[in-house]
Amino acid sequence: MTAAEDPLAGPASSPNGAAAPAGDVVLEVSDLTVGFPSDEGLVRAVRGVSYELRSGEVLGIVGESGSGKSVTSLAVMGLLPGNARVSGSVKFRGQELVGASDAAMTKIRGRRVAMIFQDPMTSLNPVYTIGYQIAETLLAHHDGMSKNAALERAAELLEIVRIPNARGRLSSYPHELSGGMRQRVVIAIAMANDPDVIIADEPTTALDVTVQAQIMDALDTARKATGAAMVLITHDLGVIAGQADRVLVMYAGKLVERGSAEDIFYTPRMPYTLGLLGSLPRLDRASARLTPIPGAPPSVVNMPPGCPFTPRCPLAQPVCDEVEPELAPTTSPDHSAACHFSQELVGREAQDLFETTVSDAHALAQFVRETEDQTS
Amino acid sequence: MTTTPVAAPPVLSVKNLVKHFPVRSRGLLRKQVGVVHAVCGISFDLAERETLGLVGESGSGKSTTARALLNLQPATSGEVYYQGRELTKLSRGEMRALRRDLQIVFQDPYASLDPRMPVNEIVAEPLRIHGLYGNDGRTVVRDLLRTVGLKPEHGNRYPHEFSGGQRQRIGVARALALRPKVLVLDEPVSALDVSIQAGVLNLLDELQTELGLSYLFVSHDLSVVRHIADRIAVMYLGTIVEIGTSEQLFQAPAHPYTQALISAIPLPDPRKERARERITAVGDMPSPVNPPSGCRFRTRCPKFANELSEAERRVCVEEPPELVDRGQGHPAACHYAEGRTLF
């Protein structure tokens with residue numbers, strides 16, 4: 001808690017990037033469940049997610065659209081709309097956040113836990129200068145701070161995230177900056193109060209790749225400067241591979257696999273993870289056949305019992321329709337997967353399990369014949 | 001996919017294609033105050049059964065190229081030849097006849113399908129327009145749906161009842177209806193999740209093999225392009241900066257922009273990704289209203305910033321580099337092109 005006394009001091013611990021040892025638990029999420037009532041029934045967006053975030057580490061959460069990865073972190077921040085039904089527990093350094101009062105949340109949000117959203121145009125206010133917006137974050141959490149000191153600090157922060165001519169930029173409005181620059185400003189705001197946790201939700205998805213690389217660098221800088229632990233939410237497995245120490249894979253509102261980055265990428269033990277990796281075209285080697293996962297993710301309204309991946313799973317057995325598997329240890333105690341048959345994935349490649357042909361061969365052959373008839 | 005026919009004449013040939021958009025002032029007069037240089041004199045060939053990938057970031061002019069090529073937006077200048085005929089000068093009627101051979105699949109499967117038409121009608125529409133919807137029309141449509149991996153029973157459903165991947169298959173079925181020779185694919189998988197995207201990519205691959213199609217595959221995603229393309233053209237600010245076979249471009253990219261682009265894409269492999277050496281482009285893409293003089297990439301070029309001498313830089317500022325082979329085995333538009341290994 002040293003940072004609480006001197007808000008503008010450097011980080012309390014000296015982080016050294018990915019090699020930071022597994023420290024104490026800063027954020028503990030247990031059995032987090034989020035539902036939204038709808039006309040069709042309860043939308044079960046998050047179903048019993050538990051994880052721990054230790055100081056200094058980067059925890060990656062991957063999943064496709066609708067897997068519940070963003071809702072999970074909005075629930076952690078207490079940012080869900082009023083109709084959301086949240087249960088379970090979120091503890092920040094032992095303090096319960098689920099059901100905490102607005103006043104208590106305000107002290108933590110933006111101060112101890114900061115968030116970076118996907119679209120910098122919607123997370124910045126278009127009618128205020130960026131200097132004002134960074135200073136606002138600082139002044140909200142430091143009573144005695146003067147406006148000038150806040151602006152001074154804002155300029156420093158912009159320099160840290162490498163905005164050229166930082167001081168001059170303080171009086172710019174968001175629309176005067178490019179997408180990449182705006183996201184740098186958002187990162188500067190997130191690190192302004194030297195938080196313990198930064199939650200980054202798809203921070204680079206809206207950006208071009210060359211800018212994405214710059215922003216990942218800026219995030220890294222922010223993390224090292226504040227010593228914060230980070231939750232990195234993305235659908236991009238490449239970003240996860242480069243940044244995350246540990247990885248959570250989400251599917252249909254649940255964690256289906258959890259382990260170190262190496263565990264997840266080299267020895268996945270959930271067919272969904274394996275299929276996902278196999279469906280990714282690779283930049284670093286000539287093309288092999290991709291393994292698309294057939295079907296589409298299930299609707300999370302009125303879910304049937306059993307494993308939600310069953311309809312798309314090449315290993316599915318009758319038991320999968322009846323019993324939803326819990327996360328269970330696989331290759332090591334820290335690597336767990338929610339699959340009844342995770343043992344069967346040992347030594348198997350995506351191509352061994354998933355079908356790669358997607359067209360109807362018979363129909364296609366007939367189509368070819370007809371085309372030839374027409375042209376001849 | 002490694003055999004690239006070289007000797008055969010190209011199906012489609014683009015020469016010095018230019019597309020400018022006027023920038024007009026606000027107010028009553030709407031006076032022209034500038035020009036967006038979207039595409040600035042690009043040339044390439046597309047061979048039979050070949051896939052040419054056109055990659056670049058937003059604003060590079062890749063989609064404009066695709067549209068100008070099919071005369072969906074008339075080109076400002078330049079020529080496009082299809083089987084020896086020049087397309088940009090054709091009348092609407094003449095162009096319509098040729099559209100049977102040249103079809104396009106759009107990026108957004110939500111915006112490119114009419115929400116008020118059942119799928120059968122969407123796929124039948126091109127046949128009707130070209131007067132090919134005969135007595136067997138319904139069978140043809142059913143076969144098309146089956147060919148792209150959809151259930152013909154679902155033909156009476158509306159687009160909103162399908163997932164993104166299925167919608168994109170509907171778009172492909174519609175494009176195939178007229179049995180084209182060339183498909184222009186404008187970011188066909190960008191809106192899809194990876195597990196779904198892979199299905200559409202495999203489908204395109206299978207269709208090409210069986211039907212002998214030529215693809216112009218426009219995408220911002222270099223991994224996808226590497227997977228599907230035989231040859232790749234990299235675009236930056238309206239120009240092609242490097243063109244070569246997939247092998248050449250990934251083994252030894254010669255243009256600093258291609259190198260930065262390849263470097264910027266994270267690999268889904270933790271050990272490799274952490275150990276990688278990066279070449280990074282600085283800043284953002286300049287506005288195409290006012291492109292930099294000389295080499296358009298020089299404002300962001302890591303080579304320009306870190307390696308070149310004052311005299312060498314002057315050349316970059318003054319002379320636009322030509323897209324020629326400077327000893328790397330494939331053309332690159334950089335005065336100081338130099339192949340590098342990045343993996």
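Visitor: Among the contacts in chain A between residues at least 6 apart in sequence, what share joins residues at least 24 apart?

Guide: Two residues are in contact if their C-beta atoms, placed from the backbone, lie within 7 Å. In chain A, 67% of the contacts between residues at least 6 apart in sequence join residues at least 24 apart. This is a predicted model, in which local features need pLDDT of at least 70 and side-chain atom pairs count only at pLDDT 80 or more, while totals for chains, interfaces and linings use all residues. Residues are numbered from 1 along each chain as its sequence is written, and chains are lettered from A and ligands numbered from 1 in the order in which they are written.

Visitor: How many helices and strands does chain A have?

Guide: Helices (H or I, at least four residues) and strands (E, at least two) are DSSP runs, numbered from the N terminus. Chain A has 15 helices and 12 strands.

Visitor: What is the radius of gyration of chain A?

Guide: The radius of gyration is taken over C-alpha atoms, and the globule rule is 2.2 Å times the number of residues to the power 0.38. For 376 residues a compact globule would come near 21 Å, and the 23 Å of chain A agrees with that. Along the principal axes, the C-alpha atoms of chain A fill a box of roughly 75 × 55 × 45 Å.

Visitor: Which helices of chain A supply at least two residues each to the side that touches chain B?

Guide: Across the interface, 48 residues of chain A are in contact with 46 residues of chain B. Helices H9 (209-226), H10 (237-243), H11 (261-266), H12 (271-278) and H15 (361-375) of chain A each supply at least two residues of the side that touches chain B. H15(A) gives the most, with seven residues.

Visitor: Why does A:Gln366 count as partly exposed?

Guide: A residue is buried if 20 or more other C-beta atoms, placed from the backbone, lie within 10 Å of its own, exposed if 12 or fewer, and partly exposed in between. A:Gln366, in helix H15 of chain A, counts as partly exposed because it has 14 C-beta neighbours inside 10 Å.

Visitor: Is H6(B) mostly covered or uncovered?

Guide: H6(B) is mostly covered, with 14 of its 18 residues buried. The helix runs over residues 194-211 of chain B and reaches 25 Å from its first C-alpha to its last, close to the 26 Å expected at 1.5 Å a residue; the expected span is 1.5 Å times one less than the number of residues. Just after H6(B), B:Gly212 takes a positive phi of about 65°.
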